[in-house]
Amino acid sequence: MNELIEKLKTQLIEQLNLEDIEPDEIVANEALFGDGLCLDSIDALEIIVLLEKEYNIKIGNPKEGKEIMYSIESLAKFITENKGK
Amino acid sequence: MNKLYINKHVKLLNNTVYIDQEKKFSVESDENFSSFAKSVYKNYEIKYSKFYKMDALCKLGFLSADLLLRDLNRENILPEEIAIITANSSSSLHTDKNYQKTLSEIPSPAVFVYTLPNIVSGEISIKNNIKGESLFFIQDKFDTKFISEYVKYLFENTNTKLCITGWIEINMNEDYQTDLYLISKNEGSLEFIETNLNVTYNHE
């Protein structure tokens, strides 16, 4: 999963235009929204687009979105569990 | 009515920053707009987490407004007393075109939110805590008579004490130009009259 986490960091930086942030600065288990990377609701939509475009995965239950997108680690876990389903 | 004055003028054109007609900063002429904007952002040590997410039109207006408003004494001026009256000719076409490209796959929400020209006024307002009158006109060329009359009307008939006005343009070829003026009743070197709103174009 570590490889996926590193890949996700790069993809997020590109997808969300986080040009002033290096992959190493993103802590895998820290919150992406709020205090962490300060992402907003538009960024959440972009992450959903990223999941669908790059991994062909949809978040079936919107209520689970907050938990799935909490951190890079939770995103990687969700992708690992749902890829190819 | 009391006279109005141009307190400051910021122009971004040909990879160069001019403040009150003086060349202040520039980068190589072969750099594209994105590189130029990033260089201006870093050179003037602007800190704003959303900057890199903005589209080109917003970056252009945001940087120009930041240079226009820095060092300004806003004591006794409420956010509601600052107006933003701007115009351009290409509207948000530069971003509309980018958004159109994303339609073939999954449309990008982050690009979509910039497909209106007046979003630039919103970005300037959020960063600088401005809550006054805000209008963005689409005009073939900067209509100095119309804009200057509109700004004068605001000072005469509303609570406006300060106004950012001018031209914020980037077209589909990435030719860009801003001419932003800071207008107030405080005496400045130039009176705010139609003929002193000088917007000359480099891409006709």
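Entry 1: I call a residue buried if 20 or more other C-beta atoms lie within 10 Å of its own, exposed if 12 or fewer do, and partly exposed in between, with C-beta atoms placed from the backbone.

**Entry 2: what I am looking at.** This is a predicted model, so I kept in mind that local features need pLDDT of at least 70 and side-chain atom pairs count only at pLDDT 80 or more, while totals for chains, interfaces and linings use all residues. Residues are numbered from 1 along each chain as its sequence is written, and chains are lettered from A and ligands numbered from 1 in the order in which they are written.

**Entry 3: chain B as a whole.** I counted helices and strands as DSSP runs numbered from the N terminus (helices are H or I with at least four residues, strands are E with at least two). Chain B has six helices and eight strands. Read from the N terminus, their order is β-β-β-α-α-β-α-α-α-β-α-β-β-β.

Next I looked up the dimensions. The C-alpha trace of chain B spans about 55 × 35 × 35 Å along its principal axes. I took the radius of gyration over C-alpha atoms, and the globule rule as 2.2 Å times the number of residues to the power 0.38. Chain B has a radius of gyration of 17 Å, which agrees with the value near 17 Å for a compact globule of 204 residues. Of those 204 residues, 39% count as buried.

For contacts I used one rule: two residues are in contact if their C-beta atoms, placed from the backbone, lie within 7 Å. Among contacts in chain B between residues at least 6 apart in sequence, 69% join residues at least 24 apart.

**Entry 4: α2 beside α5.** Two packed helices are described by the angle between their axes and the distance between the axes. The axes are lines fitted to C-alpha atoms, for helices over the stretch in contact, and angles run from 0 to 180 degrees between N-to-C directions. At what angle do helix α2 and helix α5 of chain B pack? I found about 40° between α2 (residues 56-69) and α5 (residues 119-128), with the axes 9 Å apart. That makes α2(B) oblique to α5(B). The cut-offs are under 35 degrees for roughly parallel, over 145 for roughly antiparallel, 65 to 115 for roughly perpendicular, and oblique for the rest.

I also noted that α2(B) passes α5(B) in a right-handed crossing. A crossing is right-handed if the near helix is turned clockwise from the far one by less than a right angle, and left-handed if anticlockwise. Leu57(B), Phe62(B) and Leu69(B) are among the α2(B) residues in this contact, and α5(B) brings residues including Ile119(B), Glu123(B) and Lys127(B). By class, the contact has eight nonpolar, two polar and two charged residues. Here Ala, Val, Leu, Ile, Met, Phe, Trp, Tyr, Cys and Pro count as nonpolar, Asp, Glu, Lys and Arg as charged, and the others, Gly among them, as polar.

**Entry 5: α1 beside α2.** Helix α1 (residues 33-43) of chain B crosses α2(B) at roughly 30°, and their axes come within 11 Å. The two helices are therefore roughly parallel to each other. This crossing is left-handed. Phe33(B), Ala37(B), Val40(B) and Tyr41(B) of α1(B) meet Ala56(B), Lys59(B) and Leu63(B) of α2(B). I sorted these into six nonpolar, no polar and one charged residues.

Entry 6: Asp20(B) sits in the loop between β2 (16-19) and β3 (22-26). Asn76(B) also has a positive phi, near 70°, and lies in the loop between α2 and β4 (82-88). Is Asn76(B) buried or exposed? Asn76(B) is exposed, with 7 other C-beta atoms within 10 Å.

**Entry 7: Thr160 and Val199.** Thr160(B) lies in the loop between α6 (144-157) and β6 (162-170), and counts as buried with 22 C-beta neighbours inside 10 Å. Val199(B), in the segment after β8 (190-191), is partly exposed with 18 other C-beta atoms within 10 Å. Leaving aside residues up to four places away in sequence, Val199(B) touches Phe142(B), Trp167(B) and Asp179(B).

**Entry 8: the other chain.** Last, I looked at where chain B meets chain A: nine residues of chain B and 11 residues of chain A take part. The chain B side divides into five nonpolar, two polar and two charged residues.
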